[in-house]
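My entries follow in the order I checked things.

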Amino acid sequence: MVRSYLNILLVFVLGAAAFAGNGTFPAPATDAPMAKTPSQQTTVVAGGCFWGLQAVFQHVKGVVSVTSGYAGGSSSTAHYEVVSTGATGHAESVQIVYDPSQVTYGELLRVFFSVAHDPTELNRQGPDEGTQYRSSIFYNSDEQKHIAEAYIAQLDKAKIFPRPIVTQVVPLKGFYAAEAYHQNYAANHPDNLYIVYNDAPKVAQLRKQFPDLYTGK
């Protein structure tokens with residue numbers, strides 16, 4: 001998952017500039033309404049190494065839990081050593097359990113597209129290459145599918161990014177939790193250089209761009 005630290009540093013420098021933005025990343029024009037009573041819903045997204053995705057969404061208000069894992073392939077091959085070959089059809093993903101009375105699905109996607117990863121990179125993310133690092137939204141309802149597709153069209157039409165968004169919007173066929181040592185990796189290894197250069201800046205950007213959504217939990 002890690003190349004040389006020199007490459008990681010270069011990615012951090014370029015990535016920080018790409019994600020800096022101006023604080024006006026657009027909200028989805030199409031979104032689910034804020035629920036009136038607390039409940040729990042789930043969504044699964046993929047966008048590079050799951051360490052960073054988990055770190056970002058663990059700091060989003062209304063998120064109950066985030067689990068690193070694999071989606072897009074079968075249960076029999078949902079093991080890191082095999083997934084990392086890029087031959088299983090899986091993508092490193094996170095399953096997000098959230099309370100729709102505190103945060104909407106569209107707000108989660110806003111974080112996903114703006115600070116969690118670069119949705120214009122095809123089958124790679126930063127220093128990590130391969131289909132297992134692709135950008136994907138695994139929807140589990142027609143509503144999620146509609147909101148995700150509408151938001152991608154909105155962002156592309158507004159030319160928010162210099163290149164087209166390559167994020168796949170596909171049905172969720174199964175999510176398989178990753179090995180225990182991958183869970184909460186960024187929180188447990190804050191001094192790891194991969195985390196320092198690739199993932200900590202994303203959390204910092206979340207706090208800067210979306211203070212109303214950020215939680216320090």
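Which helices each supply at least two residues of the lining of the second largest pocket? I found α6 (185-188) and α7 (193-209). Helices here are DSSP runs of H or I with at least four residues, strands are runs of E with at least two, and both are numbered from the N terminus.

I am reading a predicted model, where local features need pLDDT of at least 70, side-chain atom pairs count only at pLDDT 80 or more, and totals for chains, interfaces and linings use all residues. Residues are numbered from 1 along each chain as its sequence is written, and side-chain values use heavy atoms, with hydrogens and water left out.

**Pocket.** I looked up the volume of the second largest pocket and got about 210 Å³. (A pocket is an open set of points on a 1 Å grid where a 1.4 Å probe fits, with protein on both sides within 12 Å along at least five of seven lines; lining residues have an atom within 4 Å of a point. The volume is the space filled by probe spheres set on the points.) Helix α7 gives the largest share of the lining, five residues. The lining includes Ala55, Gln58, His59, Asp199 and Lys217. By class I noted eight nonpolar, two polar and two charged residues. (Ala, Val, Leu, Ile, Met, Phe, Trp, Tyr, Cys and Pro count as nonpolar, Asp, Glu, Lys and Arg as charged, the others as polar.)

**Aromatic pairs.** I found six in the structure. (Rings of Phe, Tyr and Trp, the last by its six-membered ring, pair if their centres lie within 6.5 Å; planes under 30 degrees apart are stacked, over 60 edge-to-face, the rest tilted.) Phe50 and Tyr70 make a tilted pair, 5.7 Å centre to centre with 55° between the planes. Phe50 sits in helix α2 (residues 50-57) and Tyr70 in strand β2 (residues 63-71), so this pair ties together parts 20 residues apart in sequence. Both Phe50 and Tyr70 are buried. (Buried means under 20% relative accessible area with a 1.4 Å probe, protein chains only.)

Next I checked Trp51 and Tyr194. Their ring centres are 5.5 Å apart and their planes at 90°, so the pair is edge-to-face. Trp51 is in helix α2 and Tyr194 in helix α7, so the pair links parts 143 residues apart in sequence. Trp51 is buried at 7% relative accessible area, and Tyr194 is buried at 3%. Trp51, Tyr185 and Tyr194 form one aromatic cluster.

**Whole chain.** I logged seven helices and eight strands. Of 217 residues, 47% count as buried.

How values were computed
Buried < 20%, exposed > 50% of the residue type's maximum accessible area, 1.4 Å probe, protein only.
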